[in-house]
Amino acid sequence: MFRVENLLKRYGDLIAVDRISFEVRRGEIYGLLGPNGAGKTTTMSVLSGLLRPDDGSVHFDGIDLLAEPIRVKQCLGVVPQETALYETLTARENLRFWGGLYGLSGAALGAAVDRVLEQVGLTARAGDRVRTYSGGMKRRLNLALGIVHGPKAVLMDEPTVGIDPQGRANILDTVRAVAAAGTTVLYTTHYLEEAETLCDRIGIMDHGKILAEGTVADLKARAGQEEIVTIRGSFSAETARDRLGTIPGARLIHSAESNVVLGVQGSGQGAAQLLSDLFGSGLPVDAISIQPPSLNSLFLNLTGRELRD
């Protein structure tokens, strides 16, 4: 459905998207998982036609986005990170306005509005002005705006940011229903649990690059059997390397001022031996965390920092 090749986007000297390539298959939920500033939103802005890349290509359903942007946009829905709502209008009025911009009218528009109101669970509040809505309800309506015209694919940029767990669960259920009905979904998030439970395939992104890609099972297999040990304390990067770099069975992943990350084999026993060696090293330690193999440990392995950092 989407084929992205060698995509590059700069803002002056900053490379926001650094020659990434990936494909989104028809009917799947593909997740771009990464921390804030990873380049996810810039990527979505290019794929939606809002930004023009500095290099590379984007094809949607065989259509060249750069050559025929209007043709591609007619097939897409977009759910932006910031809500695109008119708060003095009702939910129904918002949906009729946006549906009309997509070319719907008359009975077809009315049916589409009724359909998405039901999908996002807002039928009972359809006649209320949006300014009276909770944050979660606004997020659900924002999602409805992106799918009211029945697009072939929808781009969803962090649609659950800033809402409560119940509101998040409602949105995730709606995303699953949209995909089950045949719509391709490209979904960005920095929440591991969302990516793990929602997405068919995931691209892990940081500093404008896709570092790893695959199903959850593929990525967890790539994480291997190493436990990831993060140590924080009052030490320099050089001191940490000198004292920990020679510990048997420990692999130095990252070292910085007051922070070091090690990979340890052994399903618990390796970490226990590491702790014994660590305390014998005399390194001034304030905190230690141990993570079993997971998407977060894979991210730590690839970048030397946690996804939430």
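How many bridges join strand S11 to S14? Six bridges do so, with S11 (residues 227–233) and S14 running antiparallel. Helices (H or I, at least four residues) and strands (E, at least two) are DSSP runs, numbered from the N terminus, and two strands pair if DSSP finds at least two bridges between them. The model is predicted, so to speak of local features takes a pLDDT of at least 70, and side-chain atom pairs count only at pLDDT 80 or more, while totals for chains, interfaces and linings use all residues. Residues are numbered from 1 along each chain as its sequence is written, and side-chain values use heavy atoms, with hydrogens and water left out.

The pairing of S11 with S14 belongs to an open, antiparallel sheet of four strands, whose order is S12-S13-S11-S14. Strands S12 (250–256) and S14 (285–291) form the edges, and each pairs on one side only. From one strand to the next, the twist averages 20°; axes are lines fitted to C-alpha atoms, for helices over the stretch in contact, and angles run from 0 to 180 degrees between N-to-C directions. Helix H9 (residues 237–244) packs on this sheet and touches S11, S12 and strand S13 (259–264), where contact means heavy atoms within 4.5 Å. The direction of H9 makes about 170° with that of S12.

Two bridges pair S4 with S5 in the antiparallel sense, and His59 stands opposite Asp64 in S5.

Next come the pockets. On a 1 Å grid over the protein atoms alone, a pocket is an open set of points where a 1.4 Å probe fits, with protein on both sides within 12 Å along at least five of seven lines; lining residues have an atom within 4 Å of a point. Grid points are joined across faces, edges and corners, and a volume is the space filled by probe spheres set on the points. The largest pocket has a volume of about 470 Å³. It is lined by 20 residues, of which Ser48, Leu50, Lys73, Val78 and Tyr102 are the closest to its centre. Helix H1 (40–47), helix H2 (69–73), strand S6 (76–79) and strand S7 (153–157) each supply at least two residues of this lining.

The second largest pocket holds about 190 Å³ of space. Its lining includes Val78, Trp98 and Tyr102. Helix H3 (91–101) and helix H5 (135–147) are the elements that give two or more residues to this lining, and H5 gives the most, with three.

Finally, side chains of opposite charge can pair when their charged atoms come close. With a salt bridge taken as a side-chain nitrogen of Lys or Arg within 4 Å of a carboxyl oxygen of Asp or Glu, the count comes to 16. One of them joins Arg26 to Asp61, whose closest N and O atoms are 2.7 Å apart. This pair links distant parts of the chain, 35 residues apart: Arg26 lies in the loop between strands S2 (14–24) and S3 (29–33), and Asp61 in the loop between strands S4 (55–60) and S5 (63–64).
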